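User: I would like to learn how to read pockets, ligand shells and ring pairs in a model. Please take one feature at a time.

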Amino acid sequence: MNATTPPYILHHSSCYGLKPLLDTSVHALVTDPPYGISFQNHEWDKALPQREIWQDAWRVLKPGGFGLVFSAVRLMHRLMVDLEDSGFLIKDVLFWAYLNGMPKSRDIALDIDKTLGVESTAIGEYNYVQGYKKGGADNYYAASRKTKYETASDIGKRYKGAGLGLKPAYEPIILVQKPIDKGLTVAENIIEHGTGALNLEQTRIPYPEDEGKVGHNPHPNGRVSANILRTDDFEDGYDKFFVVPKVRQQADKFNHHPTIKPVELMQHLVKLVSFEQQTVLDPFMGSGSTGVACVQLQRQFIGFEVEDSYFEICEKRIQQSLHAATQSLF
Ligand SMILES: C[S@@+](CC[C@H](N)C(=O)[O-])C[C@H]1O[C@@H](n2cnc3c(N)ncnc32)[C@H](O)[C@@H]1O
């Protein structure tokens, strides 16, 4: 890629093999692969990616290059084993914590009533909502009225309110590294390949304006970013973390991808594992949020997406961000 070609290459194909890519040609991997949890029953999310793709990613990454791979709480252990068995070092797990996750559990006592053939008691109605907007309980998405029931059987009463899971409040993002070249120090590896250290400088969290004492030797740009990222400010006023809200579906009118990640979050992650003009790979682009972040941050981007309609969204979004980035230079 040079100054006259776009700073990205988008492959409309399956990523397996990463065939067009040369060995040790990529500086960083940032990807949000299928979680293997059948999210909204989507075919592409029925299984975790095959281990082969992590071996491919290892092949094309430069020694010392980092990867950030999104995962789901229930299957992250399998993904971590796949990454480790493919040659990566597990360096950390970032938690993207959100406060507005919806508990997916049900009141098992009502199931007990049903199993016993006892009719549960209707005790009123409630607003069924898909999520709250900022501003509290009166401000919600897609509400409908539903009947509220209470258990009526004796066994049900004993198990009233029992459920199967906690309120989900974070998504894990696995930080991995391809080992640096044998016999090289980190400094030598960086001089040789441009990889081997995290870009902590560009991801610092600025101090709040009203904060007085920030330690003995405060850095002018703020604190080193933590391994917890958040979607919202806590009401405790503790603002020492990177904060980025979740994306509501259809953030862009034409973007109907069901698992869009916020561009601001992807920017933070891209900055953490790469430096300007370096090349970042996303084998599972979805609607292209990693690519948009890369274009905005002057990174070269290589992405793969297999589904026709998602690929079209990627092309459009990434082209639009390049256009916007170019316009802002004038
Ligand atoms: C979780 S989504 C990524 C969403 C993305 N982070 C965004 O913000 O839009 C994962 C994507 O991987 C794609 N995918 C699944 N298997 C693939 C494969 N073998 N090669 C390329 N893409 C694949 C799916 O079609 C899906 O769009």
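User: Which elements each supply at least two residues of the lining of the second largest pocket?

Analyst: A pocket is an open set of points on a 1 Å grid over the protein atoms alone, with protein on both sides within 12 Å along at least five of seven lines; lining residues have an atom within 4 Å of a point. Elements are DSSP runs numbered from the N terminus: helices are H or I with at least four residues, strands are E with at least two. Here α3 (108-116), β5 (121-128) and β8 (144-150) each supply at least two lining residues, and β8 gives the most, with 5. The model is predicted, so local features need pLDDT of at least 70 and side-chain atom pairs 80 or more, while totals for chains, interfaces and linings use all residues. Residues are numbered from 1 along each chain as its sequence is written, and side-chain values use heavy atoms, without hydrogens and water.

User: What is the volume of that second largest pocket, and which residues are closest to its centre?

Analyst: A volume is the space filled by probe spheres set on the grid points, which are joined across faces, edges and corners. For this pocket it is about 760 Å³. The lining has 20 residues, and Asp107, Leu110, Tyr126, Thr147 and Tyr149 are the closest to the centre.

User: How do the lining residues divide by class?

Analyst: Ala, Val, Leu, Ile, Met, Phe, Trp, Tyr, Cys and Pro count as nonpolar, Asp, Glu, Lys and Arg as charged, and the others, Gly among them, as polar. The lining of the second largest pocket has 6 nonpolar, 4 polar and 10 charged residues.

User: How many residues surround the ligand?

Analyst: A residue is counted if one of its heavy atoms lies within 4 Å of the molecule. The number is 22, with Asp32, His257, Ser287, Ser289 and Glu305 the closest. By class, this shell has 11 nonpolar, 7 polar and 4 charged residues.

User: How many aromatic pairs does the structure hold?

Analyst: Rings of Phe, Tyr and Trp (its six-membered ring) pair if their centres lie within 6.5 Å; planes under 30 degrees apart are stacked, over 60 edge-to-face, the rest tilted. There are 3 pairs. The ring centres of Trp44 and Tyr310 are 6.3 Å apart with planes at 85°, so this pair is edge-to-face.

Definitions and conventions. On a 1 Å grid over the protein atoms alone, a cavity is a set of points where a 1.4 Å probe fits but cannot get out, and a pocket is an open set with protein on both sides within 12 Å along at least five of seven lines; lining residues have an atom within 4 Å of a point.
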